[in-house]
Amino acid sequence: MRFYQSGILFSMTFKIYYFLILIFSFVFCAHNLLSENNENISGYHFAEPSTQEIQNDDFLNPGILWVENGAILWKQEFGSNDLSCQSCHGKINNMKGISLKYPKVLNENNKLINLEQRINMCKKNIDKKEFDLEGKDLLSLSTLLSYQSKGLPFNYKVTEKNKKWYNLGKELYFRKIGQMGLSCNQCHNDRVGLNLRAEKVSQGQINGFPSYLLRWSKVVSVHSRLKFCNEQARAVPYEINSDEYNALQLYLSVRANGLLVESPAVRK
Ligand code: HEC
Ligand code: HEC
């Protein structure tokens, strides 16, 4: 072999190795990036260990007091016909998986409603009165119902019927609003894992709701949390039970697919 031939051979072998390494590292990085983007992570993993401990133990978790209060209400009789939730729906275990169907589009008027609104529809049928918005009774019943689905995975489908609401929710999730011009995704997709004031930003998942917030010493609904996020980002919040928050909740439910119900979760 001539001197210059071995030189060419060397440079060719070098180039081949170089390209192989390049291809491998590209495939490896792309895989990592993709799996990072696709992975849904519960807010639990961003909470401090001391908060996680409270959630882990039903004896410590104050959210369970709402579940217990809900169980009493489930059997309580209302109105002149002495009807309880149980009179029509039977034992509470029958309601396993129901919370995962909400928000849901009503056949009558194509309106999207959440679980709390559905509970109040039944309450109104019984004695013409609704439970107070964000009140302890309403949230006790919705926490009790969500608790029946604990451990079940989110498996939300976008259908012809709810598509319009899903699209609105998605649009709202990416819409820049408020004095700071911030959208949900700028915090809950772009800043995941970073610190914001004394908090670690999570993916903003809703699998733990209704959740017990330590800062307010009470259980809150998804809509109440969204309101708080809007206020924190100096944007005008929507109303609880508004079409906008229901649409956002629907989008967030699809976004949570694969995550397990953790309600009542404990958060800061
Ligand atoms: C300025 C940043 C910011 C913006 C904008 C923002 N959030 Fe949040 N959000 C937070 C912080 C901080 C928390 C509390 C820590 C955490 O779980 O991320 C939080 C918590 C949440 C949670 C509770 C997560 C859990 O595990 O309990 C949800 C759900 C949520 N946000 C949804 C939204 C939605 C939907 C929007 C848009 C309407 C939004 N957020 C806008 C910062 C933001
Ligand atoms: C008089 C009978 C009756 C009483 C009492 C009653 N409900 Fe209902 N409830 C219904 C009917 C009927 C439906 C509609 C079922 C459907 O859409 O498949 C329903 C639906 C529901 C749903 C949604 C179920 C689903 O599959 O989407 C929930 C949650 C619920 N009720 C909670 C309650 C609670 C909480 C109470 C007590 C405050 C209560 N209900 C009292 C009759 C009743």
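Residues are numbered from 1 along each chain as its sequence is written, and chains are lettered from A and ligands numbered from 1 in the order in which they are written.

The shell of ligand 2 holds 14 residues, with Leu83, Cys85, Cys88, Ile119 and Cys122 the closest; a residue belongs to such a shell if its C-beta atom, placed from the backbone, lies within 6 Å of the molecule. Two or more residues each come from helix 4 (85-89), helix 5 (115-127) and helix 6 (136-148). Helix 5 provides the largest share, 5 residues. Helices (H or I, at least four residues) and strands (E, at least two) are DSSP runs, numbered from the N terminus.

Now move to ligand 1. It has 25 residues around it, and Gly43, Cys184, Cys187, Ser202 and Gly204 come nearest. Helix 8 (184-188), helix 9 (222-232) and helix 10 each supply at least two residues of this shell, and helix 9 gives the most, with 5 residues. By class, the shell around ligand 1 has 12 nonpolar, 10 polar and 3 charged residues.

Helix 10 (residues 243-255) also meets helix 7 (residues 163-174): their axes come within 7 Å and cross at roughly 90°. Axes are lines fitted to C-alpha atoms, for helices over the stretch in contact, and angles run from 0 to 180 degrees between N-to-C directions. Helix 7 and helix 10 are therefore roughly perpendicular, a label for angles of 65 to 115 degrees. Among the residues that meet are Trp165 and Tyr166 of helix 7 and Leu248 and Tyr251 of helix 10; contact requires C-beta atoms, placed from the backbone, within 7 Å. This contact divides into 10 nonpolar, 1 polar and 2 charged residues.

Finally, a word on confidence. The chain has a mean pLDDT (the predictor's confidence in each residue, from 0 to 100) of 91, and 86% of its residues reach 70 or more. Where pLDDT is low, the predicted coordinates should not be read in detail.

Technical notes: Predicted model: local features only at pLDDT ≥ 70, side-chain atom pairs only at ≥ 80, totals over all residues. Parallel < 35°, antiparallel > 145°, perpendicular 65-115°, else oblique. Contact = placed C-beta atoms within 7 Å. Nonpolar A, V, L, I, M, F, W, Y, C, P; charged D, E, K, R; others polar.
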